[in-house]
Structure formats: C-alpha cells, structure tokens
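Work through the exercises below with the sequence and structure at hand. Each task is followed by a solution in steps.

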Amino acid sequence: MNFEFNDDQRMLRDQARRFLLDKSPPAVVRETLETDQAYDKDLWRQFGEMGWLGAAIPEVYGGSGLGHLELCVIAEELGRALAPTPFASSIYLGAEALMTAGSEEQKQSYLPDIATGAAIWCLALSEGPRPATEKNITTSVSDGKLSGEKLPVADGDIADQAIVVAKDGSADGALAGLYIVDLNGAGVERTTVDSVDPTRSQARLVFRDAPAEKLGDEGWPLLERIQDRAAVLMAFEQVGGAEMAMEMAKEYAMGRYAFGRPIAGYQAIKHRLADMYIQTELARSNCYYGAWALSTDAAELAVAAATARVSATEAYHFASKENIQIHGGMGFTWEFNCHLYYRRSRNLALALGSQRRWKDRLIRALERRNAA
Amino acid sequence: MDFADTQDETAFREKARGFLAENAENKANAKRTNGTGWNKDEALAAAQLWQAKKFDAGFAGLTMPTEYGGQGLSPIMQVIYHQEEADYVTPRGVYEIGLGMCIPTMFAYATEAQKQRFAKPALRGEEIWCQLFSEPAGGSDLAGLRTRAERDRNADDADWVINGQKIWTSGAQFSDYAILVARSDFDVPKHKGLTFFFLSMKSPGIEIRPIKQVSGAANFNEVYFTDVRIPDSQRLGAVGEGWKVSLTTLMNERFAVGIAPAPDFEEVFDLVRNTELEDGPALDNALVRDRLADWYVRQQGLRNAHFRTMTALSKGGTPGPESSINKVVSAVKYQDISFFGTDMQEMAGIITDPEIAAMDGLFQTGVLSSPGYRIAGGTDEILRSIIAERVLGLPQDVRLDKEGAFRDLPTGQD
C-alpha cells in the first residue's frame, strides 16, 4: 500500500508553495481582482519556464513529462495561492483534451506552445443559464465552419484556441462533437463578462462561420472523459483552497479575543473548525484516489473523479463560507482576504457544472459499474 | 501511488484468506442477520470457539509480543487481517474491549508474572475482560468519577475497598476480569486523586444490572460495588496516577471503536434499486440520487483516509487523522441512512417485523440503534473537541475543575 505522494512529489510541493508565497501573495491576486488585468502574465510565463504547465505533457510534445501526480501536487498549491492564471482552462481542459483525443499531428502542433505558455486554451461548452447537455447544444458546424454562442467561457477573452462543443449540422438529433477554433481567427467575437470571481476571467464568445477543426471522433463521451480528468485536478485546487480557508479561520480565531479569551476556545468555533478539518480530510483522501485513477487511467476514473469533485466542492464551500463567519464583520470587508476564497470556491464549484449534476453523474457511474 | 502489498504483506494476506475461507462463512453467501444479540449463551459460545480457532491458527494478538502468546507483527498486518475478516461473518465484539483496551493497559503497567498469567487466556478467549470507567457523574467528563477506593489499613500492601457505581459497561455480564479506575483521594484536585486497578468480576460485592437500550437490546450494564476488596498487587500504576493510566487505555480506544455498522451506502443503494416510488423507480428520483451521492462520498472519504493510514503504518509511522474522524462521520451517516431507508418504505417504514420490513428490518434496527453510536466511545461533541484541541491545537474549554479539592467541586446535586 502506497497511498501518499512520494518524496520527490513532496519536494515539488514544498518548492511550489514557497514560489507561490513569494510570487502569488494576496497583493498579486488583488491586482487581477481590482484592475482590468485578466490574468498575471508574469506568473504565467514563469509557470511555463519552471515546467509546471507541461508537467503532464510528454517530453516529445515539449512538456516536462513529470506526470499527472505531479500535476495534482501543483494544482493543490495553485488552489492555496489562488494563482490568477488560466491554468485550469489551458492545462486541465485544453492539454488534457489534446492528449486524450488529439491526432499525432494535432499533439505535435499544439502541445509545445501550451507547455511554454505561449498559447492559452479554453473549453467552450455552456450556452447560457441552462444545463449544458448534448440536447441543449445549439452551436453547430457545417462544412468545417462553426456558428453559435457560448456563455460563459472561462478565459475565453484571453485564450488563443478554444475547444468548442458543437453539433455536426443543425438537424434534430445531431450528435455533439469537439472542435478546435482559433480565437484569433475569422468569425470570432468575444467580450469579457463580469463574474462572482474577477480574479479569473469569463467571456461570451460568438462564432459566425469560424473555421473549425475536429478533435477526436467520440463527441459527448469524450467530453465527459475530459471533464473527469479536469475534475480530479480541479478538486486538488479546491482542497488546497479549503485548507487555506481553514488555516485563515484558525489563525484569526486564535488571535481574536472576545469575552476575555481567544474565540478559538469556544466550542461553537472549535467544533466548526473541526468540521472544516473533517470535510477537508475526507475530500483530500478522495482526491488521492482520483489522482491514482487519473495517473493510471483506471476504469474507476469516472467514479473516482465524481467522488473527488463532489467532496472537494462541499469542503471548499463549507470552509470558505465559515471562514467569513468566524472572522465576523471584518470577514465581510473588501480589505480582508476571506472573500477571495469565497469567490474562488463558487467559481470552481460551477466551472465544470453544478454540484447537483456531478452528484447525478456519480450515481450514473455507480449504476454503470453495478450493471457491468 | 499504488495499492500493492509488500511481499510480507502479500504472504500474510494470503494466509489470512486461506484461514478465513476454511473456517468462516463468506458474507456473500450468508443470510443477513438482524442485530448481534451477543449476550445470548450460544452467541457467546460461538465467539469463544472462534477466538480459540484464531489463536490456534496464529491470528490472535497480531501486534502483541510473542512471549505472551501474540504474533509480534506490525500494525499493518492487523489492518490487513481486519480487511479480510470484514468479508466474513464472524462472531466479533466480545473480545474487542479486552484485547483492544484492557490487555494493552496490562502490558503497560502490570508485573511480568501478571502479564504471563493473563495475556494468553485473554488471547485464547478463555477469559473475557471489560472496562469499568464511566459513571453516572463521569461520562464525557470521565475524571469526574466518584467510585471510592479506600485502603483497608495503612500498611503498604493493604487491600483496597471499593464502593460506588459504574455504568455503560459493555459485556460486564459475561466478563471474568475488568480494569477499574476509582477515586482514592477526594481532597486533591480532580485528576490527581484517581487510582487504577484490575480485578475479578466474580469478586464478592459486585452486582451487575443490565441496561435495556432504546433498541431493546441490553449490551450495557450498571455495575455496583459494595465493599469489593482488591489486593494492592492488582493496582496498575502509582496511587493517585490513575488518570495517566486511563489515558493509555483511552488512546487504545481510539483505534478499538470502529466504524458504525450496516446499513451503509451498499445497503441503501440496494434498497433504492428495489424500490418503486409514485412516479417510477426510486433510483430515477433526483432527491434520492442527491442523498445517495452524499453518503457515497463520505463512505469513500473514510475508506480512502484508511488507505492513507495504512500507508503510514506500512512505513512504520503512526496513524493519521482517520482514527479521530471515523466515528464522528460514520455514526451520523448510519443514523441518516437508517432514517432515509425507512422513508423509502413509506408508511410501512414503521414496521420492524423482519418478515414484513424490507431487508429484514435492517433500516428500522438502524433507527433504534444509531443514537447509541453517536454517544459510545466519545460523543460527537467530545470527538469534535478532541480534533479541535489535539489535531488543530486550539485552546481547551474554560475549566472550573482544575484547582482545589475534588470534594468542593459543584455537582448540581446539593
């Protein structure tokens, strides 16, 4: 039994934590929150130089070839530091999609730029306030030209390439497929939209006969497989954020005196912190199982990913809202950093689809496993 | 990351599997039973037979020293054995307190001759032990106990005389020996006036009364002491240091008190798959799916935390946080699943008759048994305080009982 990260992976975590404490402190995160800057370009460039962006990309495609466990380690630290970069869009979704379904030619032509950070990728799936299901997709492709509207697209305003989910033709019952669209090319209009978490950008993309290139042959099942992979990585970010919110709450409660003693000594606070700890540890344990399934391409990936995602979403939600509560009035001010975690928690919880849908997806995966 | 055993672990797992396959009934083939009923004579006899079999095959006292009849193995082997045994119907429970808590305390504090005398019969299941700790005035606040231990005369080796009452003593009715903590000095601060003993449960002056629980079973007892004599040679630890000895026992309790019983996710999933609601199969109902997902991720969280603990143990480390969160999560889940399972049966959910109720009344039994799991071995609240103080390092609660003589502390009884 070896169900922990190894010494090298732990060393990578320590290095990443130190680097991000130095380069992505709250002041840096706030620059993206408070200005028009969509992401921290300097940080992004350094992620490329250090080989983080290409951690799971094989060396033949310009990556550092470390592996997915190493990418999980990095993801947790990015979550702790709230790093204001398009990491999830470009790496968890873009690079994973290309590695999962790209042709040899596509991998060779696209992955090297993703690994250096020269190109940013995103996934364009949602079409407004309704569930993104195969039936609901109206964006369509005919003769290699894609048309339709996607909203919101995380990092869609800054990305160079998008993987767009669209139907092959506009006939009833047409099946969805995945298409690569050059966002700097013809037929693409993009606008930034305001969101709950301005430390990450969201966009509306309108396509009018934009040239589109097919990615893989499978369509919707492929999309779900890519989402499973991204869900594990994002769950590590969520656990990192949840643990940081818990640590903030603990530190504040230890130093904040009321009625003659630290509030951390009152059971109402102690027990809530214990609950944060319980939820975070359960989520972390589920994430480890997800990491194992991701790194070994196990048949359990669908179950493991949904399990990690559901518990990490729950843990981050609880820790980030109760962190504000334990801080009292100060926790509700712009000045304190509690809201940065609260915002990010909501962002990540919605980014791959709602908790309701992931729970449903988990039960579906269990039904399939049971039937097999 | 991988789930592979080491070579030694593989060999041991194979050996355990072989033993279990030959000597016990696999759960997959067994009929589900309703409750343990381990106070019945035949259940006790079955438990003794099983323990003796385990001992003879080398599966009792896995982590205990070989010179006292144990196997001298590392804790990881204990975990592996438990994993394998979990697939079989075995009469467990009777020996968990004795081997999990009492004998380890004996190892830490008894004389060499006493260890030689008591370890092996306990391991073979010939002698059953119980733990006399909790009292009406000392539950969560264990150190508030008031059972008196007085010296008969002042000689160094004089007998002790015990008077008072213990409560919630599991298995007292069939135990041969017990460990006991009592108050030997009422004039010093609370934690400094306790002394620790072991004694025969057949000693004159002991009276045992079963406590009928909400579930109708009687696993616990009240134990009354009237001038019960204990030789000084059966004192464990120094006079006045009983609290320190108790902590050794309680440290072991954190590992002995396990996960709550079925119904867990598998059983409720099973029920749901066989239930038809007003608008179709229960498994198609969104609310039902939402709840199922909640329980699955909790169950898996505990299972995966357990893998992390195993990893630590396998490398010779100490268990992680799992031991403190296990019960707090699984006891509430047990209760919630039981309620939900009766809800699934609509108005008929009230019926306990195993001939009528779904799955032999498993969920109805859970409704009536689960409140006890949230209390026994540390309440939900005490366990949260333990996590807060020992894992997160938060300050202790305000205490009004640390200074002054124990006899002057308010009791609310005046």
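**Exercise 1: a strand and its partner**

Solution. The model is a predicted one. Step 3: for the pairing, S1(A) is joined by 4 bridges to strand S4 (residues 161-168) of chain A, and the two strands run parallel. Step 4: opposite Ala124(A) stands Val164(A) of S4(A).

**Exercise 2: two packed helices**

Describe how H8(A) and H9(A) pack.

Solution. Step 1: two packed helices are described by the angle between their axes and the distance between the axes. Step 2: for H8(A) and H9(A) the angle is about 155° and the axes are 8 Å apart. Step 3: angles over 145 degrees count as roughly antiparallel, so H8(A) is roughly antiparallel to H9(A). Step 4: the crossing of H8(A) past H9(A) is left-handed. Step 5: sorted by class, their contact has 17 nonpolar, 6 polar and 3 charged residues.

**Exercise 3: the two chains**

State how many residues of chain A are in contact with chain B, and which helices supply them.

Solution. Step 1: the contact involves 35 residues of chain A and 34 residues of chain B. Step 2: on the chain A side, helix H8 (267-296), helix H9 (301-327) and helix H11 (355-371) each supply at least two residues. Step 3: H8(A) gives the largest share, 17 residues. Step 4: by class, this side of chain A has 19 nonpolar, 9 polar and 7 charged residues.

Terms used. Residues numbered from 1 in each chain as written. Chains lettered and ligands numbered in written order. Predicted model: local features only at pLDDT ≥ 70, side-chain atom pairs only at ≥ 80, totals over all residues. Contact = placed C-beta atoms within 7 Å. Nonpolar A, V, L, I, M, F, W, Y, C, P; charged D, E, K, R; others polar. Axes fitted to C-alpha atoms, helices over the stretch in contact; angles between N-to-C directions. Parallel < 35°, antiparallel > 145°, perpendicular 65-115°, else oblique. Left-handed = near helix turned anticlockwise from the far one by under 90°. Pairing = 2+ DSSP bridges.
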